[in-house]
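Please read them with the model on screen.

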Amino acid sequence: MIINKKSTNGMSGFYIVYKGSVLNETEETYGVSHFIEHLMCKQFKDLYDDFDRYSITWNAYTSGECVVFHMTGLEEYMYKYRHKLLNSLLKFDISEDEFKNELNVVIQEYKDTFQHQD
């Protein structure tokens, strides 16, 4: 699902939502959606500097029901990047080094999470 919200104050938000992907994980595949989220964010790393330059805030997250990629900012800049973000996510091409690096990042995130339970 793609959501494009525009407000009357010149701000807008663009959201790409993959519903249900996490719901298909089993005990053996737990964390795969989160790992894929990390890899997909690497697909638009060439846009990071532009996002900073135009104060476009972006992030991604994996919940128990969906994976979401989003960006918000002034519409006068956002219109240039909606299609670039979407196209980057659809072209999925990751190197072996990026794969290994992000796998280690996600494993460390899970270790940190499960070591700090109260």
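Predicted model: local features only at pLDDT ≥ 70, side-chain atom pairs only at ≥ 80, totals over all residues.

Which residue in β4 does Met-11 stand opposite? Met-11 faces Leu-74 in that strand.

1. Four strands make up an open sheet in the order β1-β2-β4-β3, and their pairing is antiparallel. At the edges are β1 (2–6) and β3 (57–62), each of which pairs on one side only. From one strand to the next the twist averages 10°.

2. β2 with β4. Strand β2 covers residues 11–19 and strand β4 covers residues 66–74; nine bridges link the two in the antiparallel sense. One of the facing pairs is Met-11 with Leu-74. Another is Gly-13, which stands opposite Thr-72 in β4.

3. β3 with β4. These two strands run antiparallel and are joined by six bridges. They form a hairpin, with three residues between the strands. Asn-59 has His-70 of β4 as its bridge partner.

4. How many of the nine residues of β4 are buried? Seven are, so the strand is largely enclosed by the rest of the structure. Buried here means under 20% relative accessible area.

5. Helix α1, residues 32–41, lies across β2, β3 and β4, and runs at about 155° to β3. Helix α4, residues 82–90, lies across β1, β2 and β4, and its angle to β2 is about 20°.

6. The structure holds ten aromatic pairs. Phe-44 and Tyr-48 make an edge-to-face pair, with 5.8 Å centre to centre and 80° between the planes. Phe-44 is buried at 2% relative accessibility, whereas Tyr-48 is partly exposed at 25%. Both belong to one aromatic cluster, together with Phe-51, Tyr-54, Trp-58, Tyr-77 and Tyr-81.

7. Phe-51 and Tyr-81. What does the pair tie together? Phe-51 is in helix α2 (residues 48–53) and Tyr-81 is in the loop between α3 and α4, so the pair ties together parts that are 30 residues apart in sequence. Both Phe-51 and Tyr-81 are buried.

8. Tyr-77. This residue is located in helix α3 (residues 75–78). Is Tyr-77 buried or partly exposed, and what is its relative accessible area? Tyr-77 is partly exposed, because its relative accessible area is 24% and the buried class ends under 20%. Leaving aside residues up to four places away in sequence, Tyr-77 touches Tyr-54 and Ile-56. The C-alpha atoms of Tyr-77 and Asn-4 are separated by 14 Å, and the two residues are 73 residues apart along the chain.

9. Tyr-54. Besides its contact with Tyr-77, Tyr-54 has Lys-80 over the face of its ring, at 5.0 Å from the ring centre. Tyr-54 is also a member of the aromatic cluster described above.

Methods:
Residues numbered from 1 in each chain as written. Heavy atoms only, no water. Pairing = 2+ DSSP bridges. Axes fitted to C-alpha atoms, helices over the stretch in contact; angles between N-to-C directions. Contact = heavy atoms within 4.5 Å. Buried < 20%, exposed > 50% of the residue type's maximum accessible area, 1.4 Å probe, protein only. Phe/Tyr/Trp six-rings, centres within 6.5 Å; stacked < 30°, edge-to-face > 60°. Lys NZ or Arg CZ within 6 Å of the ring centre and 35° of its normal.
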